[in-house]
Amino acid sequence: MTTLEGLMDRADAGGADSVALLDEAIPCLNALMDEATTMEAYLYCRVSTNSRDEEAQAKLSILEGKINRLGKAQTRFTAWIGTQNVDALLAGSQAARDHEFALRKAKTLSEHLMSPVEEALASDLLLSGGLPWAKLHANVCSQLKVPVDLPSGTAVLPMSAVRNLAYDSDRAVRAAAYNAELAAWEQTETTLAACMNGVKGEMNTLGARRGWKSALETATFQAHIDEATLDAMMSAARKAFPDFRRYLNAKAKAIGLEKLAWYDLFAPLSADGKKYPWPEAEKFILEQFYGYGSRLGDYAKRCFDENWIDVPPAEGKVDGAYCSPARKEESRVLLNYSPDFKWVSTLAHELGHAYHNLCLAERSGLQRNTPMTLAETASIFCETIVKRAVLKDGDESEKLAVLEASLMGATQVCVDITSRFLFEKGVFEKRTERELSPREMSELMREAQLQTYGDGLDPDLLHPYMWAAKPHYYAAGSAYYNFPYMFGLLFGLGLYSVFQKEPEGFHARYDDLLSSTGLADAATLAQRFGIDLRSEEFWAGSLDQIRADVDQFVALVEG
């Protein structure tokens with residue numbers, strides 16, 4: 001750290017040879033980024049599997065201070081790049097040429113920096129602003145104990161276990177969990193609204209001072225896309241909502257309901273559907289991954305064999321699933337696994353992230369800086385491998401179950417993500433004037449759900465507290481965390497379509513794409529496969545694959 005700070009001191013003093021200084025700064029920064037990634041992965045994995053681990057919480061807090069110091073040095077590096085002729089650096093330095101995209105992004109970012117003193121202060125205040133708000137949200141949610149009035153009696157469960165009951169085959173259990181969850185969120189709404197106001201308020205304030213037009217402009221820059229790409233994707237998704245509603249209404253019919261309630265979104269089609277105990281899920285994943293290619297299969301086997309996956313729900317464990325890079329080709333995966341195909345698909349998704357990390361392993365820290373949009377590419381691709389395998393070889397009941405799981409996920413990623421986008425846009429806009437109350441947040445959430453789910457759900461049984469349940473809104477320094485998931489789904493489907501049409505040589509091209517996600521913007525990388533991301537036609541083509549699944553699902557239901 002002192003070396004990088006010393007280099008920036010020399011840069012600030014003036015007179016240093018720019019190329020020579022850059023040739024020292026880049027490897028120094030890369031080494032620090034690698035070290036920070038490994039330490040943060042270790043401590044966050046400990047905290048997220050047990051938020052009551054006080055030792056890990058304390059060590060993580062210390063590390064956050066060190067990462068903050070690294071962030072300040074990196075901001076100084078960005079500011080210095082802003083004073084340089086990047087073309088001259090590229091002409092004189094191999095290290096610069098190896099990191100051209102990062103340097104050009106830094107040049108643009110430098111135009112949105114406050115003064116050095118203000119940037120240093122903002123970095124220091126992050127430790128008492130955005131980060132603690134995000135941590136408070138995670139700690140409150142992971143430690144929340146919820147009494148649920150189940151048919152078998154009252155049970156007190158962690159929130160992650162309560163939310164998993166949404167997959168139960170008994171509608172009475174799902175309804176009880178839904179009601180208990182809403183009651184628990186209501187009890188914590190003041191605290192969680194303060195977290196939301198804190199995170200969004202900080203982003204609005206800093207974004208305005210840095211000269212960004214809006215949080216959305218910041219988000220698209222961070223995502224390595226432009227707003228024309230985002231608009232084309234969102235427009236195509238909106239036009240597909242009637243098809244998603246066809247699926248939801250067909251699902252209601254399949255489980256004997258006139259209309260789905262929110263708590264029916266994840267209901268299995270039958271109580272005796274195929275189950276996937278963990279050993280069977282592991283075997284199934286390996287079969288499908290080896291069917292695609294030996295490199296993917298071998299890597300997934302290593303993840304299982306070396307126990308890189310934390311599997312079951314537990315008290316103090318965060319909800320949902322994630323994959324974290326650890327060191328070089330290693331990753332760690334968190335699940336809250338239950339034995340249904342949805343979680344098999346989630347396992348494939350997270351192992352896709354891990355495979356992406358493998359492809360990035362030989363890149364430097366700056367070269368591995370992958371935006372969320374492209375970070376979802378391999379995960380969606382792996383989900384699609386698993387789904388298509390069952391649709392090809394399964395019997396009718398298996399096909400129906402897999403179509404249901406796939407459409408359930410696609411509905412979340414296209415319809416629900418749009419609702420989250422609309423909600424977050426409303427919060428950012430209103431937060432420029434004042435704080436929002438918990439009631440206002442719930443009203444914004446419900447309105448967004450009405451706009452997106454439409455007549456696919458019972459309007460009286462929505463989920464106004466999804467703003468409290470989703471951690472994505474609270475990530476410090478991150479805006480519109482959600483739309484990259486839709487990008488990843490539809491881009492991944494587009495790539496899978498290319499694979500089906502042009503399998504010869506695809507594996508090497510695909511791995512090279514994954515290795516390059518920090519080396520160019522999304523549009524440039526997509527052009528390697530003849531994809532125009534600014535064309536609504538591309539996104540509509542990916543959605544056509546989902547429409548075809550809806551058609552098949554409806555036909556099987558109406559049988």
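A: Two strands pair if DSSP finds at least two bridges between them. The model discussed here is predicted. Within it, Tyr322 stands opposite Leu334 in β5.

Q: What makes β4 and β5 paired strands?
A: Five bridges join β4 to β5 (residues 330–334), and the criterion asks for at least two; the two strands therefore count as paired. They run antiparallel.

Q: Why are β3 and β4 called edge strands?
A: The open sheet has three strands in the order β3-β5-β4, with mixed pairing. Both β3 (309–310) and β4 (322–327) pair on one side only.

Q: How do you know that β1 and β2 pair, and what joins them?
A: Six bridges link β1 (residues 145–150) with β2 (residues 153–158) in the antiparallel sense. Asp149 stands opposite Thr154 in β2, and a hairpin of two residues joins β1 to β2.

Q: Why is α21 called roughly perpendicular to α24?
A: The axes of α21 (residues 483–501) and α24 (residues 536–558) cross at roughly 85° and come within 9 Å. Angles from 65 to 115 degrees count as roughly perpendicular, so α21 is roughly perpendicular to α24.

Q: Which residues of α21 and α24 meet, and how do they divide into nonpolar, polar and charged?
A: Contact means heavy atoms within 4.5 Å. Residues of α21 including Phe487, Leu490 and Phe491 meet residues of α24, among them Phe538, Trp539 and Ile546. The residues of this contact divide into nine nonpolar, four polar and no charged. Gly494, which takes part in the contact, counts as polar because Gly is placed in that class.

Notes: Residues are numbered from 1 along each chain as its sequence is written. This is a predicted model: local features need pLDDT of at least 70, side-chain atom pairs count only at pLDDT 80 or more; totals for chains, interfaces and linings use all residues. Side-chain values use heavy atoms; hydrogens and water are left out. Axes are lines fitted to C-alpha atoms, for helices over the stretch in contact, and angles run from 0 to 180 degrees between N-to-C directions. Helices (H or I, at least four residues) and strands (E, at least two) are DSSP runs, numbered from the N terminus. Angles under 35 degrees count as roughly parallel, over 145 as roughly antiparallel, 65 to 115 as roughly perpendicular and the rest as oblique.
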